[in-house]
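Please take a look at the protein below before reading on. The paragraphs that follow lead through it step by step.

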Amino acid sequence: MTAPYRVEILGKHSRDGFDCGNEALNEYLCRRANQDQRKRFAVCYLLIEATTDQIVGYYTLSSGGVSLADLPPQRQKGLPRYPSVPIARIGRLAIAKSEQERGLGGVLLFDAIKRASASSMGVYAVLVDAIDEQAVRFYQHHSFEVLESNPRILFLPIADGLKRITKS
Ligand SMILES: CC(C)(COP(=O)(O)OP(=O)(O)OC[C@H]1O[C@@H](n2cnc3c(N)ncnc32)[C@H](O)[C@@H]1OP(=O)(O)O)[C@@H](O)C(=O)NCCC(=O)NCCS
């Protein structure tokens, strides 16, 4: 990660004023993230600018599963024939408007892939719920592939994500 940023789990941070340009994602961080975290439905990771201590981005990570039949046929080849494939789900991901287009969205994606790969549980892929078509294109830019059953849900096998990280 670039030097002046750090990633922290959401705690008693002040979240007022975070604006990524999407009201639902702003609202989630301010009003719902804490509760989801308390109930162990998601962990919210904050990207913090170290010199100002401002939150400049966040994402949420949860464990989950996806049906093997929802993966593209080429991806199903060689996988164990269990009905559910273990994944880590990025439910939400956002960068503050003032900090967009500086590579920080990619930094958060890589952070999520690294955490998922370091998990002590089996995790085949990172899966994302894209909020709109622009978000779909952002994830495709980062080599995520759409699910057969829902073009707003995309996945990237951890092994492929780690290769991308070592190349970059
Ligand atoms: C989508 C979002 C997270 C991207 O963050 P960002 O920090 O601006 O993106 P980055 O600067 O890391 O972009 C990394 C790369 O993706 C590309 N990219 C970014 N947004 C893109 C888009 N909509 N379509 C295609 N490529 C895109 C960039 O060109 C860049 O390419 P490069 O590495 O070749 O230079 C950010 O715009 C955002 O928070 N938007 C509002 C909320 C949202 O849509 N969240 C998405 C998921 S729920």
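**A guided reading**

According to an unreviewed UniProt entry, the annotation "domain: N-acetyltransferase" covers residues 84-149, although such annotations may be inferred rather than shown by experiment. The model is predicted, so that local features need pLDDT of at least 70 and side-chain atom pairs count only at pLDDT 80 or more, whereas totals for chains, interfaces and linings use all residues. Residues are numbered from 1 along each chain as its sequence is written, and side-chain values use heavy atoms, with hydrogens and water left out.

Over residues 84-149 the chain is 35% helix and 29% strand, where helices (H or I, at least four residues) and strands (E, at least two) are DSSP runs numbered from the N terminus.

In soluble globular proteins, nonpolar side chains tend to be buried together.

His-142 sits in the loop between helix H4 (133-141) and strand E6 (145-146), and His-142 counts as buried because its relative accessibility is 11%, buried being under 20% relative accessible area with a 1.4 Å probe and protein chains only. Leaving aside neighbours within four places in sequence, His-142 is in contact (heavy atoms within 4.5 Å) with Gly-106, Leu-109, Leu-156 and Arg-164.

Notes. Buried means under 20% relative accessible area, exposed over 50%, partly exposed in between (1.4 Å probe, protein chains only).
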